[in-house]
Amino acid sequence: MPETGWRGSPEVWIDIAYDMLISRGVESVRIQPLAKQLGLSRTSFYWFFKDREALLDALVQRWKDKNTGNLIQQTEAYAESVSEAVLNVFDCWLDPDLFDDAFEFAMRHWALQSEQVATEIDQADQRRLHALRSLFERFGYTGQEADIRARTLYLTQIGYVSMRTRESLDVRMTRIENYVRVFTGHGPSDSELKRFYHRHGFTDPIN
């Protein structure tokens with residue numbers, strides 16, 4: 001039983017708010033329906049949050065920490081080549097613990113209704129693009145080339161999110177090598193691909 005007992009906890013309230021945001025949109029994130037879903041009283045909410053806006057702010061912070069924070073962390077992960085560095089970023093697209101596509105889609109939909117959230121989205125995009133440009137610059141790309149490669153990589157994935165594209169793991173993996181080649185101008189080595197496949201539980205049928 002959580003230390004906060006029958007009132008729940010901040011994480012419990014954020015979790016149910018997240019579920020409602022993903023499934024029904026931000027208009028559904030309201031205190032009384034959330035309390036009913038949790039089987040808690042409405043007054044329990046106010047032990048942890050001043051008001052609905054404070055809960056919405058906590059949702060935005062969770063998204064920033066997870067999707068932007070993890071993406072930036074992946075751009076800074078150790079890599080011996082630009083191909084390996086880009087594969088580190090690709091971990092985000094295949095591991096929902098690193099980057100939550102459904103959360104990203106819901107946030108971008110919310111931004112259509114909120115200037116404040118639209119500003120958060122814009123700031124996140126700029127931070128992510130800066131991190132990706134820095135990745136390419138670390139491996140010798142300069143100026144506009146680093147910028148364009150970063151934008152091509154990032155906007156391709158945001159296109160996947162916005163279009164809610166669904167591909168099987170097998171299909172996605174067969175495209176990884178050529179995506180790396182397009183984004184970097186270099187193909188990944190066999191060992192880099194094998195390590196990438198291994199950490200995502202994929203067995204290459206050719207090898």
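Here is a short tour of a predicted model, stop by stop.

**Stop 1: the annotated stretch.** Start by selecting residues 7-67, which an unreviewed UniProt entry lists as "domain: HTH tetR-type". Color that span by secondary structure: it is 70% helix and 0% strand. Its end C-alpha atoms sit 29 Å apart.

**Stop 2: the largest pocket.** Now select Trp93, Asp101, Thr165, Arg166 and Arg172, the lining residues that lie nearest the centre of the largest pocket. In total, 20 residues line this pocket. Helix 5 (82-94), helix 6 (101-111), helix 8 (143-162) and helix 9 (169-184) each give two or more residues to the lining. The pocket's volume is about 310 Å³. What classes of residue make up the lining? You'll find 10 nonpolar, three polar and seven charged ones.

Stop 3: Is Arg172 buried or exposed? Arg172 counts as buried because its relative accessible area is 13%, under the 20% cut-off. Glu167, at 26%, is partly exposed.

**Stop 4: helix 6.** Select Glu104 and Arg108, four residues apart in helix 6, or about one turn. Both are buried, and their side chains meet in a salt bridge at 3.0 Å, N to O.

**Stop 5: helix 8.** Move on to Asp147 and Arg151, also four residues apart, this time in helix 8. Their side chains make a salt bridge too (3.0 Å, N to O). Asp147 is buried at 18%, while Arg151 is partly exposed at 31%.

How values were computed:
Residues are numbered from 1 along each chain as its sequence is written. This is a predicted model: local features need pLDDT of at least 70, side-chain atom pairs count only at pLDDT 80 or more; totals for chains, interfaces and linings use all residues. Side-chain values use heavy atoms; hydrogens and water are left out. UniProt positions are given in the numbering used here, feature names are shortened, and annotations may be inferred rather than shown by experiment. On a 1 Å grid over the protein atoms alone, a cavity is a set of points where a 1.4 Å probe fits but cannot get out, and a pocket is an open set with protein on both sides within 12 Å along at least five of seven lines; lining residues have an atom within 4 Å of a point. Grid points are joined across faces, edges and corners, and a volume is the space filled by probe spheres set on the points. Ala, Val, Leu, Ile, Met, Phe, Trp, Tyr, Cys and Pro count as nonpolar, Asp, Glu, Lys and Arg as charged, and the others, Gly among them, as polar. A salt bridge is a side-chain nitrogen of Lys or Arg within 4 Å of a carboxyl oxygen of Asp or Glu. Buried means under 20% relative accessible area, exposed over 50%, partly exposed in between (1.4 Å probe, protein chains only).
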